[in-house]
Every structure is written in structure tokens, then in C-alpha cells.
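Biologist: Please take one part of this model and go through it closely. I would like to know how it is built, which way its residues face, and what its side chains contact.

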Amino acid sequence: MADVTVLVVGGGPVGLFLAAELRLGGVRPWVVERLEKPDQSKSDDDRGLTARTMQTLDLRGLGGPVRAMTEAALRRLAASTGEEPKDLAELMASLGMADFKGISPRCR
């Protein structure tokens with residue numbers, strides 16, 4: 001492969017994921033980001049993982065580990081409230097997160 005460098009504009013989740021994918025493909029990515037640090041004014045709704053993002057992570061074999069880490073964190077949260085749901089959907093519903101934008105059983 002020729003010596004190729006690609007400029008990725010934006011150091012958010014999509015830009016960083018693209019840079020990682022390019023690097024795995026043997027391309028040198030340069031990531032530029034206008035912000036010096038993460039924007040704390042973003043709402044919680046802007047921080048979720050969409051179904052499409054989960055599909056992309058699944059293509060790389062990363063969806064399962066992300067779901068497992070999320071489920072473990074949710075189970076720790078539920079344990080602090082005394083809840084013991086059977087599965088991830090029931091767990092999220094018990095925490096009032098049934099319509100949570102992000103990692104959910106519907107994203108599989």
C-alpha cells in the first residue's frame with residue numbers, strides 16, 4: 001500500500017472510530033479537533049450510542065463487550081436500589097430507562 005495519510009476532522013466518537021479503522025487498514029490518520037477539551041454543555045441525550053453505532057461496533061466484534069460493560073454498570077446501579085431484574089430490558093425498565101437512547105436490547 002502507498003504511504004497514505006488521511007485527515008480526519010473532528011475528534012468525537014465518530015472521528016476517533018474512523019481514525020482507528022483507518023489505522024487498522026494501514027493508513028496514517030491525522031485527527032484535528034477545534035475544542036481543547038470535551039464540551040461539558042452537551043446534554044445527556046447527545047451522549048448515547050445509537051442503534052447504527054452499535055451495528056458498527058458489532059461489525060468489529062465490539063458490540064458484545066460494550067453491552068456487557070453497560071449491563072454490569074446498570075446491575076451495580078440497580079443493586080444500590082435493591083432491584084434484581086432478570087435481563088437487560090427489565091433492568092433498564094426498572095431504572096426508568098426503557099426508552100434510553102443508546103445501548104439497549106433493541107440495538108442487537
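Modeller: Helix 3 covers residues 63–81, 19 residues in total, and its first and last C-alpha atoms are 27 Å apart. That is close to the expected 27 Å, taken as 1.5 Å times one less than the number of residues. Helices here are DSSP runs of H or I with at least four residues, strands are runs of E with at least two, and both are numbered from the N terminus. This is a predicted model, in which local features need pLDDT of at least 70 and side-chain atom pairs count only at pLDDT 80 or more, while totals for chains, interfaces and linings use all residues. Residues are numbered from 1 along each chain as its sequence is written, and side-chain values use heavy atoms, with hydrogens and water left out.

Next, the facing of the residues. Gly63, Val66, Arg67, Leu74 and Ala78 are the buried residues of helix 3; buried means under 20% relative accessible area, exposed over 50%, and partly exposed in between, with a 1.4 Å probe and protein chains only. These residues lie on the same side of helix 3 because they cover an arc of only 100 degrees around the axis, the arc being that of the directions from the helix axis to the C-beta atoms. An α-helix has 3.6 residues a turn, so residues three or four places apart point the same way. Met69, Arg76, Ala79 and Ser80 are exposed on the other side of helix 3. After helix 3 comes Gly82, with a positive phi near 85 degrees.

Arg67 also takes part in a salt bridge, with Asp58 as its partner; their closest N and O atoms are 3.1 Å apart. A salt bridge here is a side-chain nitrogen of Lys or Arg within 4 Å of a carboxyl oxygen of Asp or Glu, and the count by this rule is 2. Arg67 is buried at 7% relative accessibility, whereas Asp58 is partly exposed at 32%.

The other pairing to describe is a salt bridge between Glu21 and Arg60, with the closest N and O atoms 2.7 Å apart. Glu21 belongs to helix 1 (residues 13–24) and Arg60 to the loop between helix 2 (51–59) and helix 3, so this pair ties together parts 39 residues apart in sequence. Both partners are partly exposed: Glu21 has 26% relative accessibility and Arg60 has 42%.
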